[in-house]
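Keep the viewer open and follow along point by point.

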Amino acid sequence: MRTLTRLSTQAPEAAPAQAPDTRPDDLDSNAAAARRDLEGRIQGSGPVARETLGQGGAGSARAHESAIKHVTGRAAYIDDLKVPADCLHLALALSPVAHGRLTRLDLDRVRALPGVVDAVGFPDVPGHTDIGPVFPGDPLFVEEEVSYAGQVLFAVAAESHRAAREAVKAALDAGVVEIDEHPASLDAVAATERGEFVRPTHVQERGDWAASLEDAALTVIGEQFVGGQEHFYLEGQACLVTPTEDEGVVVHTSNQHPSETQKLVAEVLGVPLHAVTVEVRRMGGGFGGKETQASPWACMAALVSRRTGRAAKLRLPRGEDMRVTGKRHPFHNRYRLGVDAQGVIQGGEITVIGDCGYSPDLSDAIVDRAMFHADNAYSLGQARVTGHRARTHFASNTAFRGFGGPQGMMVIEAAMDDIARRVGEDPLTIRKRNLYRQGRDVTHYGQSVEQLGLLHELVARLEASSDYWTRRSEIAAFNAQSPVVKRGLALTPVKFGISFTAQHLNQAGALLHVYTDGSVQINHGGTEMGQGLHTKICQVVARELGLDLDAVRITATRTDKVPNTSPTAASSGADLNGMAARDACLRLKERLFDFAAEHFYQGHALDREGMRLEDGHLVAGWGKSERRIPWGELVQTAYFGRVSLSEKGFYATPLIHYDRQTGQGRPFYYYAFGAAVAEVRVDTLSGEYRVEGVDILHDVGDSLNPAIDAGQVEGGFIQGMGWLTSEELRWNEGGRLISDGPATYKIPTFGDLPPRFNVALMEGHPNSMASLYRSKAVGEPPFMLAISVWSALRDALASLTDYRESPRLDTPATPERVLMAAEALRHRGESTP
């Protein structure tokens with residue numbers, strides 16, 4: 001397994017302090033004069049500036065800004081925060097049935113139970129009772145209709161977490177709740193056939209797809225089920241709310257979208273948004289599960305806090321967390337494609353059905369993205385893609401890394417394998433023939449695919465570096481003489497669009513402060529969930545201001561510092577917030593440069609056009625005419641010159657647009673590419689298998705931080721592998737989740753890591769768009785590289801029919817599913833004359 005280069009986290013030795021009346025060698029006469037002017041005024045007016053060096057800026061491999069805190073336990077999460085002495089603790093009463101009608105709820109009896117301070121339900125909400133993030137449909141508490149097993153009926157507040165949980169159990173045992181149970185809808189395909197949707201069906205269409213099917217030499221048809229996925233963040237849903245002296249609250253929350261939580265809390269309480277402050281320092285994982293579904297708990301705790309005038313804390317135990325929150329959407333995919341004799345797609349139709357659960361949540365955009373990515377890296381020709389949003393009686397499914405893109409890609413990757421078996425070619429050959437290329441570079445939704453050369457070169461490089469064809473020959477020879485154990489190999493590409501598909505979310509703000517000692521503080525609207533966003537933002541500021549990374553400090557994300565923020569999602573955290581931080585730096589630099597050109601004028605002006613900040617200095621001119629002013633000197637001089645040392649920045653992604661009426665547009669600013677080769681070994685008599693090796697080459701443009709980016713590629717791949725192989729969600733016949741903990745829900749562990757795991761970042765191909773230092777997003781695109789493992793499993797199974805047939809293999813491809821697929825192939829082989 002690849003090991004990251006050990007990174008030094010030791011700060012450089014501090015430069016020796018300079019005496020006030022001593023002129024350093026790099027200080028010109030004007031700077032020395034300015035220093036003399038400030039002498040005597042610095043003392044008592046502000047700290048003396050520290051010497052700083054321009055090291056660790058964007059583009060360099062630096063450790064995570066909280067790495068030492070993480071490994072020493074000093075990083076504070078919600079459950080680590082000290083609570084006020086009068087803090088109340090909340091526990092939730094959840095519906096035991098998936099569908100029904102609440103006929104009785106006696107909260108007065110609940111409030112009378114020993115240890116209960118308060119109990120709240122639907123009638124106790126003073127403001128909005130529906131907290132749907134985009135569309136209505138998400139009641140804070142059940143009013144009448146029960147829509148899934150695990151929906152919140154009421155919340156209890158007590159002096160301790162245990163007392164609250166015991167009170168909930170006592171209340172339910174005492175029969176304070178009565179529900180008239182109704183039959184539940186648990187089949188997304190059946191719901192689609194009945195026309196039961198949370199949002200209208202959407203269609204993207206380009207060309208005469210029906211004619212392309214009629215005229216094609218071959219027609220390939222298939223369907224698949226793609227399972228959901230539990231976020232399984234290490235830190236569960238949690239929040240701490242304290243009341244303010246007016247009608248407001250301060251909310252500490254593990255949350256990817258503080259501004260949305262601010263809005264919903266304010267609406268639930270019936271107060272203005274300025275009365276609610278939401279703070280997020282870090283999350284112990286999010287993956288999309290805290291984009292919309294962290295808000296209900298903050299709303300409930302805020303409601304109790306305002307009613308009682310006391311702090312309120314709510315944290316969900318793992319089992320409750322898994323039952324009450326939504327998952328990655330399961331999808332039912334179907335395709336019918338026309339191909340020529342060489343296996344090149346001419347056109348066809350693809351249908352995706354997203355199991356959305358009981359409410360819209362973010363399902364409209366998630367199914368849209370599945371449709372956008374139903375082509376992955378391949379030209380569909382003349383095609384129609386249809387997306388249904390089925391309503392079922394499950395928890396409302398929500399954002400998850402990839403946001404529908406992985407489920408959409410699965411359908412075309414299945415088709416690639418199936419086409420290869422039909423035409424008798426290696427699946428890699430078919431994939432390469434169908435890649436976007438000159439003349440076929442427009443997607444089914446009308447966006448042109450740029451950097452085609454990069455896509456083809458990336459696949460070719462990995463094909464060569466992984467020694468694909470030699471391994472293919474070895475595996476074919478092995479399988480020919482091994483009747484039980486089969487090996488499989490697959491190379492799959494990734495093309496992932498970067499931007500929120502909701503245009504208005506593609507904006508970000510930042511707030512920059514420079515203090516009189518030369519230290520810098522940056523705040524932005526993004527949130528840190530372990531992915532290194534804060535580290536990259538600090539690197540951006542350090543690079544722009546020519547400072548050492550240690551001179552830049554980031555603060556918790558707060559709605560009273562940067563308002564109206566977008567969620568940290570869609571792989572856009574660094575793209576948006578980094579550009580906003582850079583904008584703030586550029587604005588501040590312009591102001592400082594203008595001041596320096598005027599203030600340091602003695603005999604002749606500084607070269608205003610050639611000014612730059614580097615290595616802790618303001619530098620003007622070049623060569624012998626170069627003049628250098630220390631950063632601290634510049635800052636203090638500007639302060640005494642009454643120049644503002646604070647600035648805000650803003651960024652909005654250009655060019656993107658999408659017309660839902662026509663299903664055409666440019667929803668993505670650019671595409672990120674990648675490819676992975678996976679090799680597996682399968683016991684076809686038991687279904688057991690192991691991933692023996694993985695080779696990855698991934699495109700991040702000019703990397704902002706190669707160490708963090710490589711880590712994101714590794715983590716994304718392993719998480720994707722878990723989704724496709726071991727992470728199986730199971731419900732009983734009544735719609736209750738039964739895989740509700742690590743004993744029954746299996747995420748990848750250390751032992752599941754491939755023994756050979758080679759990860760490389762594509763170099764020499766900066767982003768073709770004007771992104772942050774020509775970098776590319778890296779949060780979500782690597783997740784889909786794991787499709788190579790699933791495809792390799794199908795490849796191994798296909799050897800049972802001498803590669804004439806590719807089996808249907810739904811996901812997660814557990815050993816049971818692999819065994820059933822192997823048995824089905826054997827049965828068909830035995831029945832074939």
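1. Let's start with Ser703, which sits in the loop between β28 (689–699) and α18 (706–725). Bear in mind that this is a predicted model. Is Ser703 buried or exposed? Its relative accessible area is 16%, and the cut-off for buried is under 20%, so Ser703 counts as buried.

2. What does Ser703 touch? Leaving aside residues up to four places away in sequence, the list is Gly59, Asp709 and Leu761. With Asp709 there is also a polar contact, side chain to side chain, at 2.6 Å.

3. Now look at the sheet that β28 belongs to. It is an open sheet of four strands, ordered β16-β27-β28-β29, and the pairing is mixed. β16 and β29 (756–762) are the edge strands: each has a single partner strand, so one side of each has no neighbour in the sheet. From one strand to the next, the twist averages 15°. If you are new to sheets, remember that their strands pair through backbone hydrogen bonds, either parallel or antiparallel.

4. On one side, β27 pairs with β16 (residues 485–498) in the antiparallel sense, over 14 bridges.

5. Two pairs to check are Val680 with its bridge partner Val691 in β28, and Ala678, which stands opposite Val694 in β28. The two strands form a hairpin with five residues between them. Which residue in the turn has a positive phi? That is Gly687, at about 85°.

6. What lies across this sheet? Helix α18 lies across β27, β28 and β29, and runs at about 130° to β29. Recall that the loop holding Ser703 comes between β28 and this helix.

7. There is another sheet worth a visit, an open one of three strands in the order β21-β22-β23, with antiparallel pairing. Its edge strands are β21 (612–614) and β23 (627–630), each pairing on one side only. Ignoring direction, neighbouring strands here are turned by 30° against each other on average.

8. How many bridges join β22 (residues 617–620) to β23? There are four, and the two strands run antiparallel. Among the residues involved is Ala620, whose bridge partner in β23 is Arg627. Helix α17 (residues 631–640) lies across β21, β22 and β23, at about 70° to β23.

9. Last, an annotation. UniProt, in an unreviewed entry, lists residues 72–183 as "domain: Aldehyde oxidase/xanthine dehydrogenase a/b hammerhead". Over that stretch the chain is 17% helix and 29% strand, and the end C-alpha atoms are 51 Å apart.

Definitions and conventions:
Residues numbered from 1 in each chain as written. Predicted model: local features only at pLDDT ≥ 70, side-chain atom pairs only at ≥ 80, totals over all residues. Heavy atoms only, no water. Pairing = 2+ DSSP bridges. Axes fitted to C-alpha atoms, helices over the stretch in contact; angles between N-to-C directions. Contact = heavy atoms within 4.5 Å. Buried < 20%, exposed > 50% of the residue type's maximum accessible area, 1.4 Å probe, protein only. Polar contact = N/O pair within 3.5 Å; in protein donor to acceptor, adjacent residues only side chain to side chain. UniProt positions renumbered as here; feature names shortened; annotations may be inferred.
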